[in-house]
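Good morning, and thank you for coming. I would ask you to look at the sequence and the structure together before I go through selected sites.

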Amino acid sequence: MKIFVDSADVAKIRRLSEAGLIDGVTTNPSLIAKSGAEFLPTIRELAAMVEGPVSAEVAATDYDTMMREAAVLAKIAENVCIKLPLTMDGLRACASIRAEGRETNVTLCFSVTQALLAAKAGATYVSPFVGRLDDLNLEGEQLLHDIRQVYDAYPALQTQILAASLRSANHVSGAALAGADAATIPPDVIERLANHALTDKGLAAFVADWKATGQSIL
Ligand code: E4P
């Protein structure tokens, strides 16, 4: 499963990128607003920093304006993936942008039928929002399983499942177990994925035992 970082915080993304841990980046208008940074320069900086796709979302909701915004975003760099809402206009824009050869990420997916339409529109990625379904006591992870089952039943559907709105390590393992192709994860959650109390306990014992030997490797 590919790991994307779900953030517009350039410093945090750089730290994870330098650790060789991420395959791409996803942003959205809320993350840009939270970062307080300028949208277009931020996308330019991220696209230069990361080899994989950097999802940049259109702000418009009508087809014509989405297409004009997508043209601006696509000019920034080859690895800018155009992120579009899962609406009829967004799906139409997705099909047009894919016909031009550019990657797309269809976002705000909450149902199997929406994922089916995203795939019919040729989306490179579809982003089912696990956490926002869980917020409503609905089954976020089950949606990933269901979309996997449908996509696998119809090999002509080539869209990759990009699990989104993940808020915990459990969400990430759930996405992997559901067979998601990629997961986009907030930076603090990515860092928490490495944590385990038994790792800390075991390491403390190894350090103490090594010290007791009086030896040195260097
Ligand atoms: C990523 O593509 C999504 O926009 C993001 O994961 C949404 O996460 P949230 O539901 O925590 O805002």
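Leaving aside its neighbours within four places in sequence, which residues is serine 7 in contact with? Before I answer, please note that this is a predicted model, in which local features need pLDDT of at least 70, side-chain atom pairs count only at pLDDT 80 or more, and totals for chains, interfaces and linings use all residues. Residues are numbered from 1 along each chain as its sequence is written, and side-chain values use heavy atoms, with hydrogens and water left out.

Now to the answer. Beyond the neighbours within four places in sequence, serine 7 is in contact with Ile13, Val25, Thr26, Thr27, Leu31 and Pro187; contact here means heavy atoms within 4.5 Å. Serine 7 sits in the loop that runs between strand 1 (2-6) and helix 1 (10-18). Helices (H or I, at least four residues) and strands (E, at least two) are DSSP runs, numbered from the N terminus. With a relative accessible area of 5%, serine 7 is buried. The terms are these: buried is under 20% relative accessible area, exposed is over 50%, and partly exposed is in between, using a 1.4 Å probe and protein chains only. The side chain of serine 7 also reaches the backbone nitrogen of aspartate 9, at 2.9 Å.

I turn next to the ligand. Its surroundings consist of Asp6, Thr26, Asn28, Lys83, Phe129, Arg132, Ala164, Ser165, Arg167 and Thr184, where a residue counts if one of its heavy atoms lies within 4 Å of the molecule. For aspartate 6, a polar side-chain atom lies 2.5 Å from an oxygen atom of the ligand. For asparagine 28, an N or O atom in the side chain is 2.7 Å from a ligand oxygen atom. Serine 165 likewise places a polar side-chain atom 2.7 Å from an oxygen atom of the ligand.

The pockets come next. A pocket is an open set of points on a 1 Å grid over the protein atoms alone, where a 1.4 Å probe fits, with protein on both sides within 12 Å along at least five of seven lines; lining residues have an atom within 4 Å of a point. The largest pocket holds about 490 Å³ of space. It is lined by 24 residues, and those closest to its centre are Asp6, Asn28, Leu31, Lys34 and Pro186. Two or more lining residues come from each of helix 2 (29-35) and helix 10 (187-192), and helix 2 gives the most, with 4 residues. By class, this lining has 7 nonpolar, 9 polar and 8 charged residues.

The second largest pocket has a volume of about 160 Å³. Its lining includes Thr27, Asn28, Phe39, Glu57, Glu69 and Leu73. The elements that give two or more residues to that lining are helix 2, helix 3 (39-49) and helix 4 (63-76). Helix 4 supplies the largest share, 3 residues. The lining of the second largest pocket divides into 8 nonpolar, 2 polar and 2 charged residues.

Is threonine 159 buried or exposed? At 4% relative accessibility, threonine 159 counts as buried. Threonine 159 lies in the loop between helix 8 (140-153) and strand 7 (160-163). A polar atom of its side chain is 2.6 Å from the backbone oxygen of alanine 123. Its contacts beyond four places in sequence include Ala118, Gly122, Thr124, Tyr151 and Asp181. Threonine 159 and threonine 124 are 35 residues apart along the chain, yet their C-alpha atoms are separated by 5.0 Å.

Finally, I mention two backbone angles. Most residues other than glycine have a negative phi. Leucine 108, in strand 5 (residues 104-109), has a positive phi, near 65 degrees, and counts as partly exposed at 34% relative accessibility. Asparagine 137 also has a positive phi, about 65 degrees, although it is not a glycine. Asparagine 137 is placed in the loop between helix 7 (130-135) and helix 8, and is exposed, with a relative accessible area of 73%.

Terms used. Points joined across faces, edges and corners; volume = space filled by probe spheres on them. Nonpolar A, V, L, I, M, F, W, Y, C, P; charged D, E, K, R; others polar. Polar contact = N/O pair within 3.5 Å; in protein donor to acceptor, adjacent residues only side chain to side chain.
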